[in-house]
Amino acid sequence: VNALATALWEPSRGLARVTREKGQDLRVMGFHRDGSQWLWPAEALCLLEDSLLALDMVPPSAQADATQTTVRLSVQEAYRLVLGGEQPIMPHATYAVFAHLYRGGFVCRPRTMPAVADVPAAAVASARPMPPEALLDVYHRRGFARSKVADGSLPALFVAAVYRTPEVMPSLAEIAQLSAQLAPLPLRCAAAWQQQVLLFNQTL
């Protein structure tokens, strides 16, 4: 365990703060702020699953203690923390898509959902909106650099729109609407069910 990277889960932020950096994966994950590197929940959970990260947390009963006693989370405990409960920190389908792409050699960054007002009027053709569960900017791991993403010099390969199946999938008109919002970046829909993920291109 001492050879692993470590991170401390910060409940108030819903993020993991890296406390020991080790390995190549951390070079392409997360972001830096306030003098620390932070991991998004999906990144921390995926690294923990792959035995590349040890994740610690200050238990609620000890948070008022100045000594900040920490406990090390198991994978199952981290699952419950990130994916469990009535209002999980992130949806299971989004995590499944993130993990699928990460293990396929890609880097994913969360993307803000575009506003309805940004949609060109000619593209609005659906009366029953079916928004994606999440949007992910997807980059190839080779040549990825956080600084290039930050300054806009490295565009995403495509945007993955996450949908949870077997619920109703969006219509072609809704996909066209989302594609128009995201242009010129290509759109790929990601249908996730449990641990299975199907990525497909826009077809109109």
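Helix α1 (residues 41–49) packs against helix α3 (residues 92–103) at an angle of about 60°, and their axes lie 10 Å apart. Here axes are lines fitted to C-alpha atoms, for helices over the stretch in contact, and angles run from 0 to 180 degrees between N-to-C directions. Helices (H or I, at least four residues) and strands (E, at least two) are DSSP runs, numbered from the N terminus. The angle makes α1 oblique to α3, where angles under 35 degrees count as roughly parallel, over 145 as roughly antiparallel, 65 to 115 as roughly perpendicular and the rest as oblique. The model is predicted: local features need pLDDT of at least 70, side-chain atom pairs count only at pLDDT 80 or more, and totals for chains, interfaces and linings use all residues. Residues are numbered from 1 along each chain as its sequence is written, and side-chain values use heavy atoms, with hydrogens and water left out.

The crossing of α1 past α3 is right-handed, a term for a near helix turned clockwise from the far one by less than a right angle, left-handed being the anticlockwise case. From α1, the contact (heavy atoms within 4.5 Å) involves Ala42, Glu43, Leu45, Cys46, Leu47 and Glu49, and from α3 it involves Tyr95, Phe98, Ala99, Tyr102 and Arg103. These residues divide into 8 nonpolar, no polar and 3 charged; Ala, Val, Leu, Ile, Met, Phe, Trp, Tyr, Cys and Pro count as nonpolar, Asp, Glu, Lys and Arg as charged, and the others, Gly among them, as polar.

Salt bridges form the next topic. With a side-chain nitrogen of Lys or Arg required within 4 Å of a carboxyl oxygen of Asp or Glu, the count comes to 8 salt bridges. One of them joins Asp56 and Arg72, at 2.6 Å from N to O. Asp56 belongs to strand β5 (residues 53–57) and Arg72 to strand β6 (residues 71–72), so the pair ties together parts that are 16 residues apart in sequence. Asp56 is buried at 11% relative accessibility, whereas Arg72 is partly exposed at 43%; buried means under 20% relative accessible area, exposed over 50%, and partly exposed in between (1.4 Å probe, protein chains only).

Another salt bridge pairs Arg111 with Asp137, whose closest N and O atoms are 2.8 Å apart. This pair links distant parts of the chain, 26 residues apart, with Arg111 in strand β7 (residues 106–111) and Asp137 in strand β8 (residues 134–140). Arg111 is partly exposed at 29% relative accessibility, while Asp137 is buried at 11%. Finally, salt bridges with shared partners join Glu49, Asp50 and Arg103 into one network.
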